[in-house]
Amino acid sequence: MTQPAVHGQHPHDAPQNVRPGDTVPAAFPADAAPSHPAPEAGRSAMSWRKAAVIAAAGVPVGLVWWLLAPSGLNLLSGNPELRSGGNTEGWLPRDLVLAGLFLLAGCISGAVASGTKHHGPSGRDVLLAVGAGAAGALAAWGTGVVCGLWWGTPEDTSASASIAFSLRSLAVLAIWPAATALAIFLNTVFTTTKPETTGETTGPAPL
């Protein structure tokens, strides 16, 4: 006895010689799309090109440091007494100017490396961004020192090396990579979306 074709199945595709009690699987059209879309490939929030840009940004940051800071061009304070590196009152503000520039650069670097709310940074992205920030800090420090040697007023540094345009506290170099890591963390915490719940909501179980 031949069982009639299942609804949606071509008559010629109906199973033959089906015994009573056998289960016939439902047929699907050949061009039917799967119910669940294929997962999207992961995207990297931080590339080597972005890391190179962050590290190279240390050069203009160092130039701006020399333009603004005391014992440099001293455009920020405008006090002519701080143009000379022999004035010890300008040593701390000189470091603070670079620290402020590093804080700003670190926040921008962290925003660049954070990706989007749907594609957050991976551990590799964070390490790459922090490393690029450290390289940018070293580049800024070196650029400022070179600017002081090329365009600064020659001074006698026999009494103290800090008379020349330089950085007294090397701990300032850690501000850029630290600010980058903090910016990535805060951006991840406040922009990560909650995962969507899948599946249908079932009602209370019948008594």
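Leaving aside neighbours within four places in sequence, which residues is Leu98 in contact with? I looked this up in what is a predicted model, and found Leu98 in contact with Trp65, Leu167 and Val172.

I then turned to the largest nonpolar core, which has 22 residues, and noted that Leu98 is one of those touching the most other members, along with Val61, Trp65, Phe102, Leu167, Val172 and Trp176. Helices H1 (48–56), H2 (58–68), H3 (91–113) and H4 (123–151) each supply at least two residues of this core, and the largest share, 6 residues, comes from H3.

Next I went through the aromatic pairs, of which the structure holds 4. Phe102 and Trp176 form a tilted pair, 5.6 Å centre to centre with 45° between the planes, and this pair links helix H3 to helix H5 (residues 175–191) across 74 residues of chain. Both Phe102 and Trp176 are buried.

By contrast, I noted Trp150 as exposed, with a relative accessible area of 64%, and Trp151 as exposed at 53%.

Finally I checked the charges. A search of the whole structure gave 1 salt bridge, formed by Arg124 and Asp125, whose closest N and O atoms are 3.1 Å apart. Arg124 is partly exposed at 41% relative accessibility, whereas Asp125 is buried at 1%. I also recorded that the charged end of Arg94 sits over the ring of Phe165, 6.0 Å from its centre.

Terms used:
Residues numbered from 1 in each chain as written. Predicted model: local features only at pLDDT ≥ 70, side-chain atom pairs only at ≥ 80, totals over all residues. Heavy atoms only, no water. Core = buried A, V, L, I, M, F, W, Y, C linked by side-chain atoms within 4.5 Å. Buried < 20%, exposed > 50% of the residue type's maximum accessible area, 1.4 Å probe, protein only. Helix = DSSP H or I, 4+ residues; strand = E, 2+ residues; numbered from the N terminus. Contact = heavy atoms within 4.5 Å. Salt bridge = Lys/Arg side-chain N within 4 Å of Asp/Glu carboxyl O. Phe/Tyr/Trp six-rings, centres within 6.5 Å; stacked < 30°, edge-to-face > 60°. Lys NZ or Arg CZ within 6 Å of the ring centre and 35° of its normal.
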